[in-house]
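Me: I would like to go through this structure with you, one chain at a time. Please keep the answers plain.

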Amino acid sequence: MSPPADTRGLRRAGLGSDVWNAIALFGLTALLIIASRWISSGFGGWEQTKAILVLSSFVVVVAFGQQLVILTGGLDLSIASVMTIGGVLTFNFVGASPTALIWGVPLILLVTAAIGGLNGIGVVWLRVPPFIMTLAMGIIVYGATLGITGGTPRGQASPALSALFTASVLDVPLVIYFMLAITICGSVVQLGTGFGRRLYAVGTNPAAAYIAGLPVRWLTFLTYAISGASAGLAGILMFGYAGGATLTMGQAYQLPSIAAVVVGGTSILGGSGLYIGAVGGALLLTTFSTVISSLGIAEGWRTVIYGLVILLALLVLREELYLWAGQLVARPVPLRQPGEPAAKPDA
Amino acid sequence: MSAAVTLTPPPEAALSLDIDAVTKSYGPTIALRGVSFDLRRGEVHALLGENGAGKSTLVKILSGIVKPDNGSVRLGGQRFAPHSLMAARAAGVSTAFQELSLLPNLTVATNLTLPKQRKGLLGLASRRLNEAYAAQLLAECDAADISPGALVSDLSLAEKQRVEIVRAVSHRPRLLILDEPTAALAEPEWLFRIVERLAASGTGVLYISHRLAEVRRLCRRGTVLRNGESIGTVDLANARDGDIFRMMVGRGAEEPADATATPVRRDAPLAVTLRDLRGPGVDGISLNLHRGEIVGVAALEGQGQRELFRMLGGAAPILSGDVAVEGKPVQFASPLQALRAGIGFVPEERKIEGIFLGLTTASNISLPILGRLLRFGLIDRTRERAEVGRAAALVDLAARYVGMRISALSGGNQQKALIARVLLSGARNLVLFDPTRGVDVGTKEVIYGVIRDFTAKGGSVLLYSTELSELVHLSDRCLALYRGRIVGEAAGAALTEERLVSLATGHGE
Amino acid sequence: MNAPVSNAVTRSLLRRLLGNGTLIVAFIYALLFTIFASRQSDALSQTSITDLFNNAAPLALAAAGGSLVVLTRGFDLSVAGVVALSNVLMATQVGEGPQQALLGLAVVCTAGLLVGAVNGILVAYIRLQSIASTLATMIVTSGLALLVLDAPGGTVPDFVADTLTDSAAGIVPVAALILLAVVLIWLLLRRTDWGVALYAVGADETAAGLAGIRTRRVKFFAYCLAGVFYALSGYMLSALTATGNPNAGNSYLLLTFAAIAIGGTSFSGGRGGVVGAMLGAATLTLLQKVLFSAGVSSFYTGIFQGVVMILAVLVAATSDRFASGRRA
Amino acid sequence: MNWNTIRSGLVNTAVAAGLLAGVAGAANADDKKLKIYLSLSYSGNSWQSEAANIVKALAATPPYDKAIELKEVISGTDVQAQISAYESMISDGAAGIISFPVSPTGLNRAIRKGCDKGTLFFMYDGTVTEPCAYNVSYITAGFGENTAQALVNVLGGKGNIFLSRGVPGNSVDKRHTDGAMAIFKKYPGIKVIAEYYGMWSDQTTQSETAKALAAHPDVDGIWAQAGEDGAIKALLATGSKKLVPVVGENSNGFRLALANPAYQAAGFKGVSSGSPPATAGYAFKLMMEMLTKGRKLTTHNIEYPLPWVPAEGVKLCPGDRFENGCNTFPAGKVPDSFVTEVFEANLLPELSLVTALDGKPTPGMTIQPLPGEVTAAPDTPGINCQKCNGNGDIYALTKIKATVQP
C-alpha cells in the first residue's frame, strides 16, 4: 500500500490557527485604516498606508530575529542596544560612501550577529536564562557603544540608505519593497527550509528534538545570532531613515518587538507562531499608534488605550477561539467514529 | 507531638463502589467507552488491562480530576461525582498516581502534608511537627528508612514510589486507588502488607496492574479493560492466565512454539558490539548484536535498562567501554552522533521525548532526512511527500493522518509515526525502549511486523519491553538485566516468561 | 524522633547549603562591601549605611514582589507601572501627618493589589502568557500614572519623606526596619500553606494539582501580593525622592529581574525566594557605589553591571549543579 | 574611529577588574587639587555629550587643569541612581558638583545633605527646587512662548499646527508646552491638530511626525522641541512640494535647512532657539569662580540667554568657532543632530569645535574671567523653587513681538 500523502494536509502544514491569526491581524489593520477615516479626513488613504508601512519596517525587521528566538522559548532583550550599535557603526564607518556601504553593511551585520552569538553562547552553553543573558548583554553593548563613541556618534548620512525611504517606484517607497522581500524571505526561511522546520521542532519539544538527532544547541545559538543580525539590520535602516544615529535610537523598539511577536500569535513558550503573524502584529500596533496619536486626548489616556488594545488582542487571538471558529466553518474530520475499532488498518 | 496517626478507619465506614457504563472521550480520542464493575466493602479489586486500555482515565475520574461524559459512579450507594481532587478525597477516595505527583523541590515531610501543613506556634507550618508527623506515618507504613527531612529529588525512584503510596494511605481513605504501584518497587511485599492491612480494616482497594502474579497474590476478583471497555469481571481463583490474557488482548497468549520457529542468527555478521559498557546505572555490559537479529532485554524496573538504552541512543554519557558498529569502533556523545554511527533510538516517553505535538505528522516523520530533501536550499515538498508516504506505508499509517497535526492522532498512530521516523533516518540498528507502551492491540501487531520486516532486511534491533510476553514473542534471544549487569540469556525453547522472570529477579544461572 | 539518617539527608543538607542562592548572593554582597569599605573611608559611618539602605529599599521591595511571581514560573512586568502609579498617588493624593501617611499607604497598597489581582486573573484563570499580559497591564498602569500626574512634581508629605529615610533612635535606618519587616512577613508567609504551595506550583503545576493544591488560587495570590510589594516599593521611592514622577517606574523594570536572578531565584520556578531577591537588589545598588569608589570610567559602568549579572547567575547555577551532583 | 579609545577602554576595564578583586588601587589624585564631579543623567544624545565635553574641556584648560580633578559619572535616568551618585561624591569629599539633574525635586534631600557638608551644587539646563543649589538654565527664558509667537506671526494668526513635544511626564517639556499654549490659546485661528512626543530625539520625532502627517496632510506649521531636525526630515519624506514653517531648537541640520533657498522657496520658515549646551560651561565657570576666587552670587537661579536665530539670521561659520556673527556649521563638518549652541562669545571665549566634539581644550587658550553680573531667573514654582509664587506674567514675550492680533 503506497498512497500518496495528503497534499492538502501538507500545505496546511498544521499551522492553521497561526494562519488564521495572521489573516485576522491584516484584516484588523485594514479595518482600522478604513475606520480611521472617521477620526481624520487625512486617514484611510494610500498616504496613510504608506506612512504606516514605512514606520513599521523597523519593527518588521527586528521582529524576525525576535520571533525566531521566541520560537525556541527564549527572549531577546538586547535588541535595543544591538540596533543602536548597528546604526552607530554605520554612521561612524560607512557614512556617505557608497563603496563603504558594500563591504560595510555585511561587516556590520556580522558584528551584530556575533553579539547575538554571544547571547547564544551564554544561553546555550553557559545556561544563563535568556532573560538575564540578553538583558545583561544589552547593558554591556550599550556601555561599549557609549565608550567607543565617547557619547557622541559622529559620521555622515548615507544618501544610498536614505534613498530607501525617499525614493519611490510606482508611488511605493523602496523600503516597502524591501520589507516585502524580508517578509517573504523570512517566511520562506521559516516554512521552506530545513533550518525553519528544525527550529519549530526545537521550539515545540527540545527534549524530543535532541533525541531525534537535531543539533539543538547550534540551532538555538543560530537564532540568537540571527536576532543580533536582524536588529543590526533594523539599526542600519533606522540610520538610513533618520540620516544619523544616536545612542538611544534602539530603545523605542525593544518592547514593540516583543509586543508585535506576541500579538502576532507566537507563544512566548515557544514552538508555535509565524513570522507573517509578527508582521501583522507590527502593522496593527503601528497603525494603532498612528491613529491614537492623532486623537486629541492626553498622553496618559493614549497609553492606557494602547495597553488595553494589547490585552484585548491577547484575549481575542487565543487559539481556542480559532479552534472554535474553525469548527463553525468546517466540520472537523472525524478521526475515529465511536464503535470503530481503535486503529483499523486502512484498506 | 501530634495526635497518633491511625491509618485505618473504623470498619463501619467501609464503602462499596459501583461503576456503571462510564464513558469519556478527549476530543477525537475515546478513552472509555462504557466501563462497569463494582467493588465491595473491604475488597482488593484488580483492574487489569494493557497500556492504553483506559485504566488511567478511570483513575482520573475516580480521583475527581476529570469528569466522565456519561455513566454513573456510586460510592457507598451515594452518587459520586467529585468536582475536584479534594472533593474526592473528602468523600474518602485517595489515589497513588502512576506518574508520581510528588514535588521534587520539597521535603518528604512537606509532600506528605500537602496541601495543609501541620501548624505549630501562631498557626504557622512547623517543620518539627511536619517531620514528626511524617516520621510517624512512615514508621506506621513500615517505611522508616525514608527520612522525612530529605528532599524528594534526592530519593531513588523506589523511595519516591513508596512516599507516593504512603501519602495516599495517609488520608485514611475508604477507597484507595493504587495505579501501577509496583512499577518502581523492588520489593512489592512491602506494599502487599499495607494493602492487606487496609483491606482487613474494611478499606476498599482498587489495584491497577498488569502483573498477573501480583494481582493473584492480592485480589480475589479483577475487572479487565480493553480498548476503553470493561470486558468482564473475573473470579481470579478460577481463571487461568491464558483466559485473562485473552480478555486483555483480545486473543490467546502467543504459543511458545512461535519463538522456537525463529532461527537464531549467531552466524550472521556483527551489527553492534558492546564491550564492558559502563555509566550511571550500567555496570559493565558486553553484548553482540548480529545483523537480522532481534535481541530482547528483560528487566525489572530500574535495573539499568533505561540507562543502557539511552547510552546507545546517545542520550546518556558513556563513561567507559567500547561500542562498535559493523566492526568499526564508534564514539558518540549525542543522539545526532549515534544516528550518524548508524543507531536509531526510540525513547520511552513518547510525548516527552518522541513526538512534536505542535507539528504535522509529516513534519514529524521527515525530520531526520530534511537535509536530503533540499533543493536550492528549500525543502522539496514533492519528494518529502513521497518519502513520508513511503515511510507511513511501512508502518501502516493511514495517509489521511499524514497531513494532520500529530496531536490529533491517537497514541498508537503517534507511535507509528515515531517508528516511521527512525526507519526513515536510515539507521540500520534500532534501539527500541518499550515501543508498544500505551498502544492498542492492532498497532502492536503493526509494530511487531515492522520490527520483523526491518530485521529480515538485515537490520538489527535491541528491544526492551515491560511485557515479557512481547519479548518472548518477538526476540530471537533475550537478555536479562539485574543491577546494571547482564545476568542471563534465554533463547529458543528456553525463552519463556517463567525463565525470564527468574532471570530478571536475579535467580538466574 | 529517631529517623535513620539516610544518604539523602546529607545530600539534601549539602544542597541546601551550596545550592542556596541566598547564601551565594549574601557572599557576593559581603565581598562587594569589603571592597567598598576598603576603598571608601566613611563606608561604615552611620550616614553611609543609612544611604545604602535607603537606596536599596525601593528596588529590594520591587524585587521581593517580582520573585513571588517568578517562583510560580511567571514574569510580572507590571512592576514598572505600579511603582510609578503609587509614586504619583503619594505625591498628589496624600496630605501631611502620620494619619495621612497611613492613609496613603492604604491607598497605594489597594492600587497595587488591584493591578495584581487583574494580573492574577489574566494569568491564573484566563491562562494568558504572563509576560504578555503583564506587559499590557504595565502599559495601562503607566498611562494611569501619567493621568494622575502629567509631569514630575507634587510633594510627598514631609512626614513620610523624613520618617522613612531617617534612622530610628538615631541608630537603625528606618529603611532597614522596613526591609526587615518584609523579610519577617515573608518568613511567616513561607510557613503558611500558601507559602509551601507557592514552591510546589512553581516546580510542577500538574503534580501540585494532584497533591491537592488549588494551583490557580495560589498563583492568583502570588500576583496580588506581588502587586502590594510593588506598591510598597513606590511608597519607599516616594519617601526617598520626596516627589512624584510618572516615569519613576521605568528604570525598575529590568533591574527588578536582574535583582531576582542575582538573588538565586530560578526562572524555571520553584527555587529561590524573597530574601535572595532583596539581597540581589542590595547588591545591584551597592555595585553603583563600588564602581564609583573604584573609579571605573563612567562610560564602562554598564559593562560591569552586565558582567556582574551574568557572573552572579553563573555562580549560583554552578554551585547548585555541584550541590546536586549533576553533571553539566 | 579612534582605536585608542577602545584600547584605553580595555585598559580601564582591566584596571577596574583588578580593583574589584581588591588587588590594586589606582594612586589617589593629588590631594591639593579640588575634587569636582560632573554628574550626568545619561549620555547618548548629542546635547548631553556636548555639554559634558564642554565642562571637560574647560576643566583641562589652564589654569584649571592644575587646580582641579574632574570625574564624570553617568547614572542613568533613574533618580535613585543619581541620588546614590551624589552621596558617593559627597562622601568622597567633592568640593563642587556640576550636574544635569534628572528630577527637579527628587534629588533635593541628597543635595541638602551635600550643602550641609560644604559641597557646592551647580545644575545646568535642568533645574532643582532645592534652594541651596544653583541653577543655571535657559528654561525660564521663554523658549515656548517666544517660538510659539514666532510661528503665529509667520502663519498670520491662523492655521493647523502640530505640537512636537519632548518626553511625557517631564517638567521641562511641560514648561515649554505651557508657554507655547499660553500663546496659541490667544489665537482662535490656530488649531493644534496633533500633539505627540518626540522624546527629544531626532529619530522618534521623525517617526512621530510622519504618523501625524499621515493623518493630517493639511498641516500649516510645526512647533517642535528638540528633535526638530527629524520633523523636517519627515516633511521632506512625504515628497510633497510644499513645506511648512517649523520652529524648533538648535540642531545644525535645522539651521542649515532654514538657510536652504530651495526649502525657503517651498514655504519653509522658522526660528531656531532653545536649549544651548554651552549652559554647562557657564555653570562650570561660575562654580569655579566661587570656589577659587570667592565670587559671591546674589541669586541661586541664573538665567542663561535664549539663543534666537530666525531663518534670515543663519550664517555659516568658516572656522571652528562662532566668529563675526556666524552661528551654523557647513554640512559635513558636524552631524545634522549636532546642537550648534556650544559657544557664547562673552561668557565662554575659551571654546571651539574641538571642545564640544572631543572634550579637549582649545590649544593655547586660558580661562577668561566672567562678567561681574548674572541675570537672575524669575521664580517658577516646580522648576526652580518649591514654595514660591511665580510672578504674574511668567509667559511674557522677550524675543519677539506679536505682529498679528488675535
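Reply: This is a predicted model. In chain B, strand β7 (residues 175–179) is joined to β8(B) by 5 bridges, and the two run parallel.

Me: Which residue is the bridge partner of B:Leu178 in β8(B)?

Reply: B:Leu178 is paired with B:Tyr207.

Me: Which other strand of chain B do bridges join to β8(B)?

Reply: Strand β3 (residues 44–48) of chain B is joined to β8(B) by 4 bridges, and this pairing is parallel too. Within it, B:His45 stands opposite B:Leu206.

Me: Is β8(B) mostly covered or mostly open, then?

Reply: Mostly covered: β8 (residues 204–208) of chain B has 5 of its 5 residues buried. B:Gly204, B:Leu206 and B:Ile208 point one way, while B:Val205 and B:Tyr207 point the other way, and all are buried.

Me: Changing topic to chain D. What is the strand order in the open sheet there?

Reply: The sheet has 6 strands in the order β2-β1-β3-β4-β5-β11 of chain D, with parallel pairing. β2 (68–74) and β11 (301–303) of chain D stand at the edges; each has a single partner strand, so one side of each is left without a neighbour in the sheet.

Me: How many degrees are neighbouring strands of this sheet turned against each other on average?

Reply: The average is 20 degrees, direction ignored.

Me: And how many bridges join β4 to β5 of chain D?

Reply: There are 3 bridges between β4 (residues 120–124) and β5 (residues 134–137) of chain D, which run parallel. D:Tyr124 stands opposite D:Val136 of β5(D).

Me: On to chain C. Which residues make the nonpolar surface patch?

Reply: The patch consists of C:Ile171, C:Val172, C:Leu177, C:Leu180, C:Leu184 and C:Leu187, and covers about 540 Å². Helix α8 (residues 174–190) of chain C supplies the largest share, 4 residues.

Me: Where is C:Val172 found?

Reply: C:Val172 lies in strand β2 (residues 172–173) of chain C. C:Val172 is partly exposed, with a relative accessible area of 36%.

Me: Why is helix α12 of chain C called largely enclosed?

Reply: Of the 11 residues of α12 (residues 252–262) of chain C, 9 are buried, so the helix is largely enclosed by the rest of the structure. Among them are C:Tyr252, C:Leu253, C:Thr256 and C:Phe257.

Me: What comes just after α12(C)?

Reply: C:Gly264 follows, with a positive phi of about 85 degrees.

Methods
Residues numbered from 1 in each chain as written. Chains lettered and ligands numbered in written order. Predicted model: local features only at pLDDT ≥ 70, side-chain atom pairs only at ≥ 80, totals over all residues. Heavy atoms only, no water. Pairing = 2+ DSSP bridges. Axes fitted to C-alpha atoms, helices over the stretch in contact; angles between N-to-C directions. Buried < 20%, exposed > 50% of the residue type's maximum accessible area, 1.4 Å probe, protein only. Patch = residues over 30% accessible without salt bridge, like charges linked within 9 Å, V, L, I, M, F, W, Y side chains within 5 Å. Areas by Shrake-Rupley, 256 points an atom, 1.4 Å probe, with all protein chains shown as cover. Salt bridge = Lys/Arg side-chain N within 4 Å of Asp/Glu carboxyl O.
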